[in-house]
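Welcome! Here is a short briefing to read alongside the sequence and the 3D view.

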Amino acid sequence: MVTQLVAGRVFDFNRVIGRTGTSGTGFTRPIAVSVGEGDLVYVLNRGWEDISNVPWNQTHSGIRVSMLTIGDEPEDEEFIGEFSKDGDGPGELIWPTGMVLDSQGNVYITDEWLNRVCVFDSRGNLLNMWGSEGIDEGKFNGPAGIAITGHDELYIVDSRNHRIQKFSKDGAFLAQWGKHGSAAGELDNPWGITVDQKGDLYVADHKNHRVQKFAPDGRPLAAFGSYGTGRGQLNHPSDVAVDPDYDVYVCDWANHRIQVFDPDGHFITSFLGDAQELSKWARSTFEANPDAVKRRREVLNLEIEWRFSYPTGVTFDVSKNRLFVSDCQRGRLQIYNKLKDYVQPPRTV
């Protein structure tokens with residue numbers, strides 16, 4: 001369903017952007033999205049991962065940050081450039097996982113392999129790096145999601161240490177909470193994180209198949225979700241976003257969907273992916289290959305192409321009231337608008 005009217009809300013599919021590729025207008029396993037000023041959007045590409053005897057630096061191609069502008073209307077998107085690459089040198093990435101922007105437009109990226117944070121300016125110039133492997137305060141074992149407050153303080157999911165750590169934007173350790181477990185406030189390989197307008201935090205508690213809500217000091221406030229495939233159930237959630245109405249969007253990773261909850265954690269609806277039309281960039285690739293066009297027209301049912309495949313990241317663009325979904329295995333973004341003042345057309349007989 002391209003437009004959903006549910007529980008007093010209207011969600012409308014806007015468009016799909018991207019195609020599988022290692023540069024330019026292609027994405028390679030897009031894992032996170034951050035929204036800058038105006039129409040500027042950053043996409044974090046994790047790249048291809050190949051388990052083999054080939055050295056990692058010959059197989060992890062496509063790791064980079066793509067910069068593009070995305071306007072309000074379909075096909076109003078333009079590729080601007082990209083920065084970073086695969087490697088362990090200054091500003092390079094191996095397993096990039098989380099990304100966020102500060103109030104100055106600087107870009108913070110976590111790397112769960114290198115156990116560090118790289119900081120770039122808005123054009124991709126390296127400004128800073130910090131972090132190292134360990135279990136002590138301020139150290140990491142698989143840093144994943146990253147969120148930032150209005151005061152430019154960072155919350156970082158220290159996934160394999162099963163905790164959340166708080167830092168200044170320069171990397172100074174401020175606080176931590178969490179331990180391995182399934183009780184309230186405990187975590188099991190948490191992944192994504194976000195901060196709402198009140199400063200409360202929501203964590204995708206990956207292996208506990210739930211989302212936990214915390215106060216800024218780490219006090220557990222609520223939890224919702226349980227393992228399964230039903231309405232409101234989750235299977236290894238990977239990310240979470242909250243809009244200005246405090247509706248919660250959860251990347252239900254292994255169920256290949258986005259689940260939407262109200263501020264009290266009650267299930268509202270699900271998005272399964274609605275990319276019924278090729279993106280502008282994918283279409284140009286197909287049109288350059290007549291044989292590919294013919295073969296695609298032979299497919300009896302293209303519905304599988306519309307749907308998400310392991311969606312990994314969700315970001316709510318407050319300025320334009322729209323949700324970005326990192327449709328990771330499809331190499332693309334899918335965008336949904338949350339419409340205000342929607343007038344339902346009259347039914348005709």
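The largest pocket has a volume of about 1100 Å³. Its lining is made by 46 residues, and V100, L101, I148, T315 and F316 are the ones nearest the centre. This is a predicted model, in which local features need pLDDT of at least 70, side-chain atom pairs count only at pLDDT 80 or more, and totals for chains, interfaces and linings use all residues. Residues are numbered from 1 along each chain as its sequence is written, and side-chain values use heavy atoms, with hydrogens and water left out.

**The largest pocket**

- A pocket, on a 1 Å grid over the protein atoms alone, is an open set of points where a 1.4 Å probe fits, with protein on both sides within 12 Å along at least five of seven lines; lining residues have an atom within 4 Å of a point.
- Grid points are joined across faces, edges and corners, and the volume is the space filled by probe spheres set on the points.
- At least two lining residues come from each of strand 3, strand 4, strand 7 (96-101), strand 11 (143-148), strand 15 (193-195), strand 19 and strand 23.
- Strands (E, at least two residues) and helices (H or I, at least four) are DSSP runs, numbered from the N terminus.

**Nonpolar cores**

- A nonpolar core is a set of buried Ala, Val, Leu, Ile, Met, Phe, Trp, Tyr and Cys residues joined through side-chain atoms within 4.5 Å.
- Buried means under 20% relative accessible area, exposed means over 50%, and partly exposed lies in between (1.4 Å probe, protein chains only).
- The largest nonpolar core has 29 residues, and those touching the most other members are Y42, L44, M99, V107, I109, I164 and I193.
- Strand 4 (residues 40-45) gives the most to this core, supplying three residues.
- Beyond its neighbours within four places in sequence, I164 is in contact (heavy atoms within 4.5 Å) with Y155, I156, V157, A175, Q176, W177, L187, I193 and V203.
- A second, separate core has 17 residues, including F13, I258, F271 and V325.

**Salt bridges**

- There are 26 salt bridges in the structure, each a side-chain nitrogen of Lys or Arg within 4 Å of a carboxyl oxygen of Asp or Glu.
- D39 and K320 form one of them, with their closest N and O atoms 3.2 Å apart.
- This pair links distant parts of the chain, 281 residues apart: D39 is in the loop between strand 3 (30-35) and strand 4, and K320 is in the loop between strand 23 (313-317) and strand 24 (322-327).
- D39 counts as partly exposed because its relative accessibility is 29%, and K320 counts as partly exposed at 26%.
- K340 and D245 form another salt bridge, the closest N and O atoms being 2.7 Å apart.
- Here too the pair links distant parts of the chain, 95 residues apart, with K340 in the segment after strand 25 (332-339) and D245 in the loop between strand 19 (239-242) and strand 20 (248-252).
- K340 is partly exposed, with a relative accessible area of 48%, and D245 is partly exposed at 35%.
- A network of salt bridges links R9, D243, D245, D247, K338 and K340.
- R219 and D217 also meet through their side chains in a salt bridge (3.1 Å, N to O).
- R219 counts as partly exposed at 47% relative accessibility, whereas D217 counts as exposed at 51%.

**Buried polar residues**

- S66 lies in strand 5 (residues 64-70) and counts as buried because its relative accessibility is 0%.
- The side chains of S66 and N45 are joined by a polar contact of 3.0 Å.
- A polar contact is a pair of N or O atoms within 3.5 Å; within protein, one must be able to donate a hydrogen and the other to accept it, and residues adjacent in sequence count only if both atoms are side-chain atoms.
- D274 sits in the loop between strand 22 (267-271) and helix 1 (280-287), and it counts as buried at 4% relative accessibility.

**Two loop residues**

- G185, in the loop between strand 14 (173-177) and strand 15, counts as buried at 15% relative accessibility.
- Leaving out residues up to four places away in sequence, G185 touches G178, K179, Q212, F214 and P220.
- N141, in the loop between strand 10 (126-130) and strand 11, counts as partly exposed at 23% relative accessibility.
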